[in-house]
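Reader: Hi! Could you walk me through how the two chains meet here?
Author: Happy to, let's start with the contacts.
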Amino acid sequence: MRIHSSAGPFAGDKDAAAHIRETYVKVSLAKSQDVVLDFAEVEFATQSFVHALIASVVRSDPDALDHIEFKNCNSAVKQVVEIVVDYAQAEFD
Amino acid sequence: MPIRVPRVVSLREVAPLLSEIFETEQDVLNLAFDDSEVSVHPSLLCILAAIEHVRPSSVRLLLDSAIGADHQLVQSGMLNLLSEATSTQAATSDPTGRYIPIQYVTDAKTLGNFVTDFVPILHASPETSQAVSYVLHELIRNVLEHAGNSSGAYVCADTSSDGVVRLGVADFGIGVLKTIRRSHAAKDEQQAISLAFQPGISGSSSNFGGDDRNGGAGLFFMKAIAAVSKQPMAMVTGRTVMGFTASQTSAAEVNPSLDDDDVQWTSLSTDFVGTAVGVDLMIGGEQQFEELFSEVRQAYSLSVQAGKKARRRARFT
């Protein structure tokens, strides 16, 4: 899944992220298929975008990360993905 | 009696000026500006635009004489936006690249177009431009989601002479108190603002950590970016102004709660209908945008209560 195709170079549209989550990420994982999120040509992704993209999936099953590949992420995008992955697995009182 | 707007109004000076402005009980705000060069924080311009949007012809800009094309009120588009002004001057393109004229953004598409079209105008460093784009996306998205039935937000930006990019966003929606109270108990606007800035708190869900669409982290990230870049941030909603001052020590201090920050609270005598945010950004030459996020990530990890370390890591290829 090329993120740029849905979200452009500045991935900030949460509706686009939610659409990818519901129609690709969840569907693929339900079929036991690996997910590839290709961030080529994406200059940055907001925390909100990445949250809408994967947070609920990771929160409900952190093992899903074994089947999700974040591809072609620049350093800034990597940082945001790692932030969301971290807090999605954190426990809140 | 018009209110004289100082020639220079930084973000920290917006709160006392708003106090003066909101103390007037007149139907029309008469604001006198200097004819020569002024430097007013864009957040104030956005607030005035939002007031004008709700009550047309209620904001009047007073100038003693004709102003030049490079005057901030011209270049920011305020003269064209407000119907009441004592001076008119057709705006021309700004060769210095200091201003993003005030824009009314209504949805994700216009937001995206705005960021793509206008951020390069600022002629900021690549790192600062990235940070500006990020902050604009998050701030305006926040507005579009939480403002309620009203749609859209005014956004404006400029670059000061020392390279600091100043951003302002203002809506005329339901305000932070009503937004937070949809899902959390908040006794007043100050507490609502504090909750809104706390990581994991979202007005869209009573669950800590938010829901599948909102993590309750957007405003905390904004504060963290301001803290890491050692710049101020402010929020105006209802009768409350929150002014955040970043620590200037070498190590960035990003606290989970505004209660632990250097924050000044100002009460207004009348309501600002909606929410406005102002933030200054400057990413220094050696500090890359991604390094900034590395520091934000560290701050976020320390801020969120975690019972155990993350068991899984993201896989990058």
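Author: Counting heavy atoms within 4.5 Å as contact, 43 residues of chain B touch 44 residues of chain A. This is a predicted model, where local features need pLDDT of at least 70, side-chain atom pairs count only at pLDDT 80 or more, and totals for chains, interfaces and linings use all residues. Residues are numbered from 1 along each chain as its sequence is written, chains are lettered from A in the order in which they are written, and side-chain values use heavy atoms, leaving out hydrogens and water.

Reader: Thanks! What area is buried between chain B and chain A?
Author: About 3900 Å², with carbon and sulfur atoms giving 54%; that is the accessible area (1.4 Å probe) lost on putting the two parts together, summed over both. On the chain B side, B:Arg312, B:Arg315 and B:Phe316 supply 19% of what that chain buries against chain A, more than any other three residues.

Reader: How many salt bridges are there between chain B and chain A?
Author: There are 3, taking a side-chain nitrogen of Lys or Arg within 4 Å of a carboxyl oxygen of Asp or Glu. B:Arg213 and A:Asp15 form a salt bridge, at 2.8 Å from N to O.
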